[in-house]
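Dear colleague,

My notes on what was found follow directly after it.

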Amino acid sequence: MTAPTQPAPPDQGTRPDRPDAMSIATELWAVVIIGQIVAFIGQYPSLRDAWDRQIRTLPADTPREQVDLLTSSGTLIVVLAIFGVVLTVVSAGLVLLTRNGYNWARLIVAAMGVFITVNLVFSLFGDVEPRWVMIPMVISGVAGIGASVLLLRRESEQYCRDMAAHRKRPPQPPQYPQQPQYPQHFHYPQHPQYSQHPHHPQQPHRQPGPPTGGSQWSPGPGDQQRATPQSWPYGDGQQPPGETQSTRPQPNEGNESRGES
């Protein structure tokens, strides 16, 4: 009976895999943000009334120009637009950080989901106008509490820990393909050298003359043709240069004659 095998730990150089709980939680938060935007826009009439009530509480000596600026519809729209954009950007940024494995962002987003759910419960017992605004509020509240439950699961916490350890590792240099290693005295192959007349091999050049040493030398056809004396153009008694033979006696001839006498 073999012992149960455990899955091998992930490679130290690779990014940890994102669990399904983390992926679903961040996708649910997209529903939360959209539902809150729709509910915020639908509550404009009630927000307008609350704005007017606050303006009536201003002191009596407030300048008329300031009161007219505050009571303008454009001012209220700009204030609500800035408020909504800031909340949307902050929420989306925290969700992206959570998706990338930042533990502090995960805890903040989970707390925000709980806060939205609690606010939904109080809104159900309150006077919200118009009533259709409760539909996107309920949808976003349910999505928020579901995202909070998934973010507080153990696999989500382990993913954030693995990502924290992954970010602490030094960055690895990119791996480039290695060039082939050649020997130190490597020579590239050269093209074969071809002679100028491949069909007519050159004959070895030989100088005509008597053989030196004791070897016998027989002239070839080419040598006989080159060794044939040519006629001298200036007279019959002259011989071409190079063909004259010296009649000077050898040094040994006189010694031999004196020895015989």
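Helices (DSSP runs of H or I, at least four residues) and strands (DSSP runs of E, at least two residues) are numbered from the N terminus. Please keep in mind that this is a predicted model, in which local features need pLDDT of at least 70 and side-chain atom pairs count only at pLDDT 80 or more, while totals for chains, interfaces and linings use all residues. Residues are numbered from 1 along each chain as its sequence is written, and side-chain values use heavy atoms, with hydrogens and water left out.

The protein chain has nine helices and zero strands, so the order of elements from the N terminus on reads α-α-α-α-α-α-α-α-α. Of its 261 residues, 22% are buried, where buried means under 20% relative accessible area, exposed means over 50%, and partly exposed lies in between (1.4 Å probe, protein chains only). Taking contact to mean heavy atoms within 4.5 Å, 74% of the contacts between residues at least 6 apart in sequence join residues at least 24 apart.

Turning to the interior, a nonpolar core is a set of buried Ala, Val, Leu, Ile, Met, Phe, Trp, Tyr and Cys residues joined through side-chain atoms within 4.5 Å. The largest such core has 18 residues, and those with the most contacts inside it are Met22, Ala25, Trp29, Val32, Val109 and Leu151. At least two residues of this core come from each of helix 1 (20-42), helix 4 (73-99), helix 5, helix 6 and helix 7, and helix 1 gives the most, with six residues. Apart from this core lies another, of six residues, among them Ala39, Val128, Met134 and Met137. Leaving out residues up to four places away in sequence, Met22 touches Thr98, Arg106, Leu151, Ser156, Tyr159 and Cys160.

On the surface there is a nonpolar patch, formed by Val114, Val118, Val121, Phe122, Leu124, Phe125, Val138, Val142, Ile145 and Val149, which together have about 930 Å² of accessible area. Patches are made of residues with over 30% relative accessible area and no salt bridge, like charges being joined within 9 Å and nonpolar side chains (Val, Leu, Ile, Met, Phe, Trp, Tyr) within 5 Å; the areas come from the Shrake-Rupley method with a 1.4 Å probe, and for residues only the protein chains shown count as cover. Helix 5 (103-124) and helix 6 (134-151) each supply at least two residues of the patch, with the largest share, five residues, coming from helix 5. Val138, found in helix 6, counts as partly exposed because its relative accessibility is 32%.

Finally, the structure holds four salt bridges, each being a side-chain nitrogen of Lys or Arg within 4 Å of a carboxyl oxygen of Asp or Glu. In one of them Asp52 meets Arg48 (3.7 Å, N to O), and both of these residues are buried; because they are four residues apart in helix 2 (residues 44-56), about one helical turn separates Asp52 and Arg48. Another joins Glu157 and Arg161 (2.8 Å, N to O), also four residues apart and so separated by about one helical turn, in helix 7 (residues 154-168). Here Glu157 is partly exposed, at 29% relative accessible area, whereas Arg161 is exposed, at 51%. Glu155 forms a salt bridge with Arg153, their closest N and O atoms being 2.6 Å apart.

With best regards
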